[in-house]
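Thanks for asking me to look through this one with you. Here are my notes, point by point, to read with the structure open beside you.

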Amino acid sequence: MAGDLMLFLPEAACLLMALTLFGLSLPKHQDQRRVHSWAMGLSLLMVAAGLAGLFQEGHLFFEAYRVDLFSQFFKLLLAVALLLVLGICRQLTGVEERYQPEFFLFLTTCTLGMMLMVSAVELMTLYVALELSSFSLYILVPLRSGDNIDVEAGVKYLFIGITASCLMLFGMSYIFGAVHSTYLARIADTLPLWIHQPGAVIGLLLTLSGFFFKLAAFPFHFWAPDVYQGAANQVTTYIATASKAAAVALLIRLTALSAGTSLYLLDVLMVLCVASMTLGNLAAMVQSDLKRMLAYSSVAHAGYALMGVLTMTRLGYSSAMFYTLAYMVMNFAAFMVVVKVASQGQDLKISDLAGLHRRAPLLALTLMLALFSLAGIPPTVGFTGKFLVFAAAMRDGHFWLVLVGMINATLSLYYYLMVIKAAYLTEPAEPQESLAITGPTRALNYALIAAMVALGLFPRQVLELTEKAVRNIF
Amino acid sequence: MTPVAPNGGELSLALLAMGLPLLSFFLVFFVTRPRVTLSCAVSLVCSGLPLLAAIWLLAGHWRMEAPILWELTWMRGGGVAVTFGFLLDPLSLLMLCIVTGVSFLVQVYSLGYMAGDPGKAKYYAFLSLFAWSMISLVLASGLMQLYIFWELVGLSSYLLIGFWHHKFSASQAGKKAFVMTRLGDLGFFLGIIVLLLNLGDLSILGLNQQAATRLTPGLLTASALLIFCGVVGKSAQFPLLTWLPDAMEGPTPVSALLHSATMVAAGVYLVSRLFPFFQGSPQALGWVLVIGTVTMLLSSTMAMVASDIKQVWAYSTVSQLGFMFMGLGAGGYFAGVYHLTTHAAFKALLFLCSGVFIHHYATNDFFVMARSGARSLKVPMLSLTVAGAALSGVWPLAGFFSKETVLSALAELPNPAWLWLGLLGAGLTAYYTFRLLFVMWRPRRTQPPAGHAEHGEGGHHGAAVYWVMAAPLLVLAVLTALLGAAGPALESFLAWGRPLPPGAHHGWLVAASVVVVAAGAGLAWLEFGRAGAAQQGFLSRIPGLWNLFANRWYLDWLYRWLLDHVVYGLFSRLFTLNDRRVVDGGIDGFCRATLGAGWLLSLLQSGLLQYNLFTMVLVMALVGLYFLLV
């Protein structure tokens, strides 16, 4: 029993956190500061639990739940992402006052859902976990205070999410029909025999839809711009970081089922990868709203992550995992700056950043490094991540795919540099007062800068970890 | 020769020598800069300890039998590993001692020389940066590491030449040095790439042992010559020699450290480092000999007409470096390295002495210095004389012995012309050195020693400053006097302690060189030294030659012409045209098309929810159809 608890430690911590926050949200009037402190404390505990459970291995719940380095790596990532997002929620300016305790609660349940998801090795468990995280987000998106754009975003998110879920369930039914089991282990044994049947591949592909949706990959990306713009900045940050990590984890787990034997699946994934990259980058170029721009850029990055996944080799998977980590760090850094600069919780136009280097030099530096990293310029982590993914695809012989990826990376430089130009070179129309940065924020900035550079220069330890993790599923 | 791994002591000493100056650079530059005294202290400690480490290492490995190698792999890919580490063998240990020794003495000396300069702390930071890069260059175990630090010493040289950047000529000189050495480095880098592509191994030991057997002779010569291009730039050899005299715009201690004793000698060091590699290609060594000879003669002639004391030593440095290359080119490994060692001592001494005079009389013209009473500064005058005599090759000073080894290497060559040219160079050297010495010792019209009052620089600082600057002079003067006796010991050390092959002893050579030196000195005596001499050289009566030498053989003029007519006139114009029409035009068109596509796509995105959902289902349906139909 104690051993089982050890296996379930990160999730248990998360559950505890959710319950505590639920309790805190019950009274009519609640001091937001207090809830935030509780949330921070508990999520620190969760990160500790994630670290403690990193090297656990075993099965739970009638073999439907598998704990291994792969799942624990992602759980740790999720716990860290939650902690980071909570770290920038001290002034929750974008969320209506009375819903603020619930805001923390649903962030936690969403994280719990995703933690369950990365460990689930049975289709129904997987589906339920996915929906737990999705429903939390459906509620979080419209929680924003102010105008009505949030409702539109919420509705759009809900509908597209539901459609993706439908397709996913449909696909699962195909798989069940073909294999007569919902256990991934069983499916992995049997599916390669069936893989040349259209039904099996269609089933697998439709099952992936749910995760394409989470990742905002083509053609399930339509929600991204509206939701990124419409949701409160902190929620957007969470969607842009944590939920991507979980999606990549599941894409890896599910594509591994085909054992790389299906050329059709590969073709389709390649098409989606190229479409995501190209569409995301092209559309991002013409955006004037910073969050919309980052939304399209996340579509493009979904494409880069898919490139690692679609090789369906250990190298590709581990590089995709590294890319996910890199993406989480750099994207969080960019959004952190958005949250800090939009001190009233408003939407930011790119032109609003004018003169940022004078108003807040440190934030401007972090933003620049984050955007350079997103664009893939050495010595940042984004470069290393992209390099690993491209190298993995190249080794698998996808020269043209890599070429398209390179061209896309170059295109993306354009709009990232536009933002840097706004922050560093453009003078604001009227002088603005400088932004006050508190001590913890300053520390967070330094930590992010250090992480982006350090992981870019010395990726070896993390890579060894991801390589070891991938061996658990493939 | 199989390398061995270092033991703990060696490892920590070598890393200490490599790491401390870097630490000092960061500390001084970023932390202690506002506090000048502390900055100097940090820098001095961090250059003194590496010196002790170097001496300890040298003493501990005096009879070493196998090189000590320690490497970390920095990156690896496609069968090529780029490593960082250190390689300790007699050559690198000797050079390490030279570098750390001169560097430490110069830092002590600079305490006095730079006293009161507002940028003193920054100056020490740059000196530390230089020390770090130079030590790492010397100890480098592979060519890639060597190249990186090779460029870093170039950077520190640029920073230090232009240290008084408010002086236009100084910043121009810094730029010129940077550009000209980079020009040579282009060749060096190409050479590295050739080796990387053909061997996949850039370790110095590997190159020395295997290059000759694994490369075709053509490739070997090509890569050796390309690497030699970098050497030509760094050591200011013909035709890239004019940056070094201009580099004298920097503070004099910098000239002593970088532009005579250590950095410019890095070229000689590199050729010695890769000597077995160069030996694999007789053509390459032939070119080394030719370039060295041409440079030596050209720059000696330039030194004969200069009246700026630092210019004289700068030309002399170029010519002595050429002399070292002659030794190496003739196959005399020890000759080149030995002359490098002694030259480091006496040339640093010459510059540091000159620095005292310049500091004292605020002029660079040695005729003016002499008239202002330079004779009264006893320590610098005596040191200058000792060093000058060593430079000309007067027995029993260090220069005499090292010059003899180079000349005997030249005498081994089948063609006697090289030896005659070498002797001619020795004569010219003696002439210009004694010209300066006689002018300094025997000024024509002695003015009252008003230097202090008039220029006031030395006077303010008093005796303490004078002695801080004089102490390093004495150390170097003793070294200059004694290094001659260390020749045989050094030779056996550099040959791994093996018994030396009995070289042909040329008794007549000693006589010949003594005669040549005496002739040069005698001519200088007649024109500058004896009572009633006009102190005008014979060259001033031949205006054609005088102008040619004073204008540096019109090399700068030639470069200007090439730059204006070939680079700007031809290449730049065509490239600009290509840039405007083809590249810009193409890029503009592409960008417009891309942005247009972006607009179109984002218009499609903002459609109603129904259309979004429809697209999703449609795409998945198409995928399904694809599976069914294919």
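Predicted model: local features only at pLDDT ≥ 70, side-chain atom pairs only at ≥ 80, totals over all residues.

1. Let me begin in chain B, where helix 2 and helix 4 cross in a left-handed sense. Helix 2 of chain B covers residues 36-60 and helix 4 covers residues 120-139; their axes lie 9 Å apart, at an angle of about 15°. Angles under 35 degrees count as roughly parallel, and these two helices are therefore roughly parallel to each other.

2. Which residues of helix 2 of chain B meet helix 4 of chain B? From helix 2 of chain B come B:Val36, B:Ser39, B:Cys40, B:Ser43, B:Cys46, B:Ser47 and B:Pro50. Their partners in helix 4 of chain B are B:Lys120, B:Ala121, B:Tyr124, B:Leu127, B:Ser128, B:Ala131 and B:Ile135. Sorted by class, this contact of helix 2 with helix 4 of chain B has nine nonpolar, four polar and one charged residues.

3. Staying in chain B, have a look at helix 11 (residues 266-273) and helix 14, whose axes come within 10 Å and cross at roughly 10°. Helix 11 and helix 14 of chain B are therefore roughly parallel to each other. On the helix 11 side of chain B you will find B:Gly267, B:Val268, B:Val271 and B:Ser272, which meet B:Leu321, B:Met324, B:Phe325 and B:Leu328 of helix 14. The contact of helix 11 with helix 14 of chain B divides into six nonpolar, two polar and no charged residues.

4. B:Gly329 belongs to helix 14 of chain B, which spans residues 309-329. Is B:Gly329 buried or exposed? B:Gly329 has 26 other C-beta atoms within 10 Å, so it is buried. Leaving aside residues up to four places away in sequence, B:Gly329 touches B:Leu285, B:Gly286, B:Val288, B:Leu289 and B:Gly292. B:Ala284 sits 45 residues from B:Gly329 in sequence, with 8.5 Å between their C-alpha atoms.

5. Now to chain A, which has 20 helices and two strands. Of its 474 residues, 59% count as buried. Taking the contacts in chain A between residues at least 6 apart in sequence, 80% join residues at least 24 apart.

6. Where the two chains meet, chain A gives 23 residues to the contact and chain B gives 20 residues. Helix 7 (149-179), helix 9 (198-215) and helix 12 (263-285) of chain A each supply at least two residues of the side that touches chain B. That side of chain A has 20 nonpolar, two polar and one charged residues.

7. A helix pair in chain A also deserves a look: helix 13 (residues 290-310) and helix 18 (residues 399-424) have axes that come within 11 Å and cross at roughly 160°. That angle makes helix 13 of chain A roughly antiparallel to helix 18 of chain A. The crossing of helix 13 and helix 18 of chain A is left-handed. By class, their contact has eight nonpolar, four polar and no charged residues.

8. Helix 17 of chain A (residues 381-395) has 15 residues and reaches 21 Å from its first C-alpha to its last, close to the 21 Å expected at 1.5 Å a residue. Eleven of those 15 residues are buried, so helix 17 of chain A is largely enclosed by the rest of the structure. Among the buried ones are A:Phe383, A:Lys386, A:Leu388 and A:Phe390. The cover over the buried residues of helix 17 of chain A includes helix 13, helix 14 (314-341), helix 16 (361-375), helix 18 and helix 19 (439-457) of chain A. Following helix 17 of chain A is A:Gly397, with a positive phi near 90°.

9. Finally, some backbone details. Most residues other than glycine have a negative phi, and most peptide bonds are trans. The peptide bond from A:Phe218 to A:Pro219 is cis, with omega near -5°, and A:Pro219 lies in the loop between helix 9 and helix 10 (223-230) of chain A. In chain B, a cis peptide bond joins B:Trp395 and B:Pro396, with omega about 5°.

10. A:His180 is not a glycine, yet has a positive phi of about 60°; A:His180 is exposed, with 10 other C-beta atoms within 10 Å. A:Met312 has a positive phi near 50°, but A:Met312 counts as buried, with 22 C-beta neighbours inside 10 Å.

Methods:
Residues numbered from 1 in each chain as written. Chains lettered and ligands numbered in written order. Helix = DSSP H or I, 4+ residues; strand = E, 2+ residues; numbered from the N terminus. Buried ≥ 20, exposed ≤ 12 C-beta atoms within 10 Å, placed from the backbone. Contact = placed C-beta atoms within 7 Å. Nonpolar A, V, L, I, M, F, W, Y, C, P; charged D, E, K, R; others polar. Axes fitted to C-alpha atoms, helices over the stretch in contact; angles between N-to-C directions. Parallel < 35°, antiparallel > 145°, perpendicular 65-115°, else oblique. Left-handed = near helix turned anticlockwise from the far one by under 90°. Expected span 1.5 Å × (residues − 1).
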